[in-house]
Amino acid sequence: MTTSGQATLSQPEQPAAIGASRGGLDALFAPRSIALVGASDDAARIGGRPLKYLRASGFSGPVYPVNPKRETVQGEPAYASLSALPEAPDLALLAVPAAATRQAVEDCVAAGVKAAIVFAAGFAEMGEEGRAEQARIVDIARAGGLRLLGPNCLGAADSSIGYYGTFSVMLDDGFLEPGPVAIVSQSGAYGSHIAQLARSRGLGIRHWITTGNECDVDMAEALRWVVDREGVKVVMAYAEGVRNRALFFEALDVARRRGIGVVLVKVGRSEVGAHAVGSHTAALAGSDAVFDAICRQFGAHRARSTAEQIDVAYALARAGVPEGDKLGIFSMSGGLGIQMADDADEAGLAVTPMPEAAQAELKALLPYASPVNPIDATAQAMTDLPLMTRYIRTVMEQGGYDIFVAVLGTAPALPSYSARLAEALDAAATGHDGIIKAVTMSAPQDVVRRYEERGFLVFEDSVALTRALGALVHFRRSFTRAASHAEPVPPLPSPVEARGALSEHGAKRVLAAAGMTFPDERLAGDAEDAVIAARAIGFPVVLKICSPDIAHKTEVGGVAVNVKDEAAVREAASLLIERARAAMPGARIEGVLVAPMVAGGVEVIAGVSLDPTLGPVVMFGLGGILVEVLKDVSFRAVPFSAEEARRMIAETNAGKVLQGVRGAPPSDIDALAETLAALSRFAAANQDRLAGVDINPIRVMPVGEGVVPLDALVLLSR
């Protein structure tokens, strides 16, 4: 899949219930005409609420109540069936029980309806019988070209056109206000919950979509649709799983290229699927860690709580992204300012000091203040608001900050002080629209709104604020990276022709064909061939038994290191073959692999794991015996560029070690990045039959000397 100017990800589409085409989604999410099947005269019932909402919301298209038992529904003429309608509507809302849903879907197909929303529960979530009935409904829809949302969902809405295809009680308090936020949630209850929370923070929501059982349209496809909509700045998404990884990756990639922030909550942890016992990569991977990494790879923010999701969406929708990461903190309490500085540092913000000349100017205004950063004006500023305005204006003009935060505590809640304080801050900030402005304070909602109207983000908690601001900085970096240049991935290699298990020699051959570089090694059929190979390579050498049936050579005594002369090679080769045959009589022995003895460098590990939902991912981390305990690893979906590999490396402590510590020279990170990128291309080209890859250890040599992968394991599923 590709979009204009982006790298090819080469991810295969996973089977969708009705197909990968996004046709019919406009009919689902922005219909021009609607039929309500199972329409009820009782506006409190599932079949009554959608009609009530659509009548009151100003939806301009025709809405057709369908109920064969009534002549009118809520004062509107009712129709006996879909076939009796004067036109084929874009969308049918199916407010009928599960037992009647199959017939309703058949009627939609017969009437030429483009899309339908199935509200009813009682399908795949109920067990085998429910799954079978859901599959029958999908087959009918597929044959008729009908797109389905649900079942077991709360529907969808577009507030800008007054479309509310839902029975959710969240609308009893009023309709959604159009704005820059879209919500895509697998769970209807969660989607309603965060919509209510967003409304309470004053956020406008245009698109609201819940996907339920996802028999056809899933979270990824809905997300892909909303990131193409004009006016969307941020998407809040909730997922319990990812059914179509390729479309999910595409949606995230398109979002960052359009400057749209995706703030995700993903619940549930699952074990990675089948892997060979003993694979380091398999032991280190897990769906949750992989999902985290893919969010970083594609520039999304994974929120750890609903509150964090709302906070980040609020900040992004209201303020956008900053130009940089420099934060200026103004407070009237040294303790609160220092606390925020600590929180900001943890969130990845730079609390840089004021320039010396500006500090002198601030000192002249308030001699007892601390003008460095955090900038503590002391309580004296509270007694002279015009002075505070001049003080803050100096910070804004000379600090060079991208973000400014004022720590106000409870002062804005004081009726006699609140309005004057807001005016003083507003006057100081006038003319500095390029700086994101925020305050922390505790105050009534009406006071909060007045500060927001003046362009300030308002948070009560400094940790929540700094985390949200840190997320904005990460979004800015991701957007800038996506917009400034493409990171092309070279063409994928041809899929390997080998079958079944590969020996180390075979694994290295197929990986070398994909662009990875290995040391000069020779496969020797017997002891005399091993001597010839060692003579050509140069002493000392390493000897390893080579068999597709012996993945862990040390367990059978199949490795000899630092072999220094021909006699020792001859003896070691014979011994390795003898041990292997004794330990595993049925193993296919290809011979002995003779390799140079490599010393020095930093030992790391890389591999490929197959996530059950997100597909093949490359793993990288610091090598050594504690790798599975420390789990200092990072992951990326395949394929990816060398630039992405550098970011992958930098996420780990291994990345710090590779830069050089305690006098050690910097390692060849560029060569390592190229190796990881080549591994990703190999995994992408062979993902349909790849069970896993381990390259352990890899020695990363000093800059300019490359990398030396010492061992390789490639597991093929067939």
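Colleague: Which residues is Phe 248 in contact with, leaving aside its neighbours within four places in sequence?

Modeller: In this predicted model, Phe 248 is in contact with Met 219, Ala 220, Leu 223, Val 242, Leu 264, Phe 291 and Leu 614. Phe 248 also belongs to the largest nonpolar core, which has 150 residues. Along with Phe 29, Leu 223, Phe 330 and Tyr 451, Phe 248 touches the most other members. Helix H16 (residues 462-484) gives this core its largest share, nine residues. Another core lies apart from it, with 41 residues, including Phe 620 and Leu 690.

Colleague: Why is Ile 698 called buried?

Modeller: Buried means under 20% relative accessible area. Ile 698 has 0% relative accessibility, so it counts as buried. Ile 698 sits in strand E27 (residues 690-700).

Colleague: What does Ile 698 contact, leaving aside its neighbours within four places in sequence?

Modeller: Its contacts include Val 602, Glu 603, Val 604 and Ala 606, as well as Val 707 and Pro 709. Ile 698 and Val 604 are 94 residues apart in sequence, while their C-alpha atoms are 5.2 Å apart in space.

Colleague: And Glu 504, why does that residue count as buried?

Modeller: The cut-off is under 20%. Glu 504 has 5% relative accessibility and therefore counts as buried. Glu 504 is part of helix H17 (residues 504-513).

Colleague: What makes the pair Glu 504 and Lys 553 a polar contact?

Modeller: The limit for such a pair of N or O atoms is within 3.5 Å. The side chains of Glu 504 and Lys 553 are joined at 3.1 Å, a polar contact. Not counting residues up to four places away in sequence, Glu 504 also touches Lys 544, Cys 546, Leu 593, Leu 710, Asp 711 and Ala 712.

Note on methods:
Residues are numbered from 1 along each chain as its sequence is written. This is a predicted model: local features need pLDDT of at least 70, side-chain atom pairs count only at pLDDT 80 or more; totals for chains, interfaces and linings use all residues. Side-chain values use heavy atoms; hydrogens and water are left out. Helices (H or I, at least four residues) and strands (E, at least two) are DSSP runs, numbered from the N terminus. Buried means under 20% relative accessible area, exposed over 50%, partly exposed in between (1.4 Å probe, protein chains only). Contact means heavy atoms within 4.5 Å. A polar contact is a pair of N or O atoms within 3.5 Å; within protein, one must be able to donate a hydrogen and the other to accept it, and residues adjacent in sequence count only if both atoms are side-chain atoms. A nonpolar core is a set of buried Ala, Val, Leu, Ile, Met, Phe, Trp, Tyr and Cys residues joined through side-chain atoms within 4.5 Å.
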